[in-house]
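Subject: Handing over a structure

Hello,

Have a look at it first, and then read on for what turned up.

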Amino acid sequence: MAQDAGMFMVPQTIGSVLCCKCGVPMVPNAANMCVTCLRSEVDITEGLQKKVDLKHCPECECYLQPPKTWIKAQLESKELLTICVKRLKNLNGARLVHAEFIWTEPHSKRIKVKLTVQKEVLNGAILEQSYVVEYHQQDQMCESCTRVQANPDQWVAAVQLRQHVSHRRTFFYLEQLILKHDAAARAIKIKQMDEGIDFFFGNRSHAVKFVEFVGKVAPVRSRHDKQLVSHDPKSNNYNYKYTFSVEISPVCREDLICLPPKVAVSLGNLGPLVICTKVTNSIALLDPFTLRHCFLDADQYWRSSFKSLLTSRQLVEYIVLDVEPVSSEVNVGGSKCVLADAQVARVSDFGKNDTIFFIRTHLGHLLHPGDYALGYDLYGANNNDIELDKYKGLVLPETILIKKSYEEKRQRKRGKPRPWKLKSLDMEVDNTRGRGDQEKMNNEYEEFLRDLEENPELRFNISLYRDRDYQPSEMASVTDGGDVPSVPLEELLADLDLSDEEMGDGSTRE
């Protein structure tokens, strides 16, 4: 502004003085010495720790933060850097400015950290200096790992996860959620049971945290109990074993439900015949005849505790003869639906009779004449449901369609590998099962993989990995057909060997 006004400005220059030691010109400071001479005169790192011992558990990759806290940390991570800095007892008034790792061989049992500190020296001058601290890893197992090594069956808390249904689709999906969020990282042992999975933990707090995680992803109710193992009357110490019984709602996705009258009234006279479209910590219900929908949380469900009228194992395949939309596209709980009148016939009736069903469906945006669909055959079903008998004069529809079927198109791809795979928990499996039970589980797992391919919303919360052994065929695009749903390659994650070896969180399933 002064120059714009035409005023005369005196140029400002920074003066320099000669160093009192070496005579080099420098910017004036309180000590009148250059940085090189000042460092030769004063060493602010003198008396600081240069070597520190670090306790490391080789089993669970945890580091000890005194007095008794074990923290899991990877090499050159923020957590490990925090542990290393906190192990320095005193900095003699020096202020820590920066800290970073210096690379060392992973098997050397040495961790080097470069620290930069500042301290006031002669006549108020502030000197900054860097030095290296070497940490020596000493292997020492933590309490939980010591207990496991002494007796693998010596658990403190067990979580019994159960769902009383005739299939394991829920546990296949829950297994992927547990792997993605690493919820069972503290589990000592995982055992597969007939109607669920048992998780064993070395600490009660780990089991409580796992139960809270399950309650956030599924509608559950739980109860807990404890059993006295030992008692020391002199020190008044008690040792208990804790058991958490967690029951998952038997209502699953794609189930047909007849709502109890009180529940239907509380939901605004919804239904009473509704379809379960999604299960998280709440249950999403859809009326396929009016496109009305609602959400039922866990507390609301367990107060009435109703069961499914028909499950996905009772689905029947139909062929669509004609479709006529009767409404515009409606957004129902994040998915699109169109109400339509349709003519369908059972595939099993072809060549036997001319039975045709005139129905209303919510799949008008997906179905076209000639397509196949899966639905519930109420025309030939024998229903003995208590809730259904409470509705006097209720006329049941002959068929309720649930989803579009791609079975005929999948016949061309039968036996061909997928370009992706899933990881699985490292759990103990009962080998005494018969051949029929194993084939049933394999078929259910195959159905689960097909559901992932058909439903993008279902695979949104889980991790799918590229299969490195997959080799696409040159004739695949010609013979497979483009209408069969598949997982886009951009949704797949790279499967790293390093994480598989070091994390040890299970094998992979294709």
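Here are some notes on the charged side chains and how they pair up.

Please keep in mind that this is a predicted model. It contains 21 salt bridges, and I have picked out a few of them for you.

One of them joins Asp139 and Lys109, with 3.2 Å from N to O. This pair ties together distant parts of the chain, 30 residues apart: Asp139 belongs to strand 8 (residues 126-139), while Lys109 sits in the loop between strand 6 (95-102) and strand 7 (110-120). Asp139 is partly exposed at 45% relative accessibility, and Lys109 is partly exposed at 31%.

Next, look at Arg360 and Asp341, whose closest N and O atoms are 2.9 Å apart in a salt bridge. Here too distant parts of the chain are linked, with Arg360 in strand 23 (residues 357-361) and Asp341 in strand 22 (residues 340-346), 19 residues apart. Arg360 has a relative accessible area of 35% and is therefore partly exposed; for Asp341 the value is 29%, again partly exposed.

Glu446 and Arg450 form a salt bridge, with 3.6 Å between the closest N and O atoms. Both residues lie in helix 10 (residues 435-454), four residues apart, or about one turn of the helix. Glu446 is partly exposed at 28% relative accessible area, whereas Arg450, at 18%, is buried because it falls under 20%.

Finally, salt bridges with shared partners connect Arg169, Arg253, Glu254, Lys403 and Asp451 into one network.

Enjoy exploring!

Best wishes

Note on methods. Residues numbered from 1 in each chain as written. Predicted model: local features only at pLDDT ≥ 70, side-chain atom pairs only at ≥ 80, totals over all residues. Heavy atoms only, no water. Salt bridge = Lys/Arg side-chain N within 4 Å of Asp/Glu carboxyl O. Helix = DSSP H or I, 4+ residues; strand = E, 2+ residues; numbered from the N terminus. Buried < 20%, exposed > 50% of the residue type's maximum accessible area, 1.4 Å probe, protein only.
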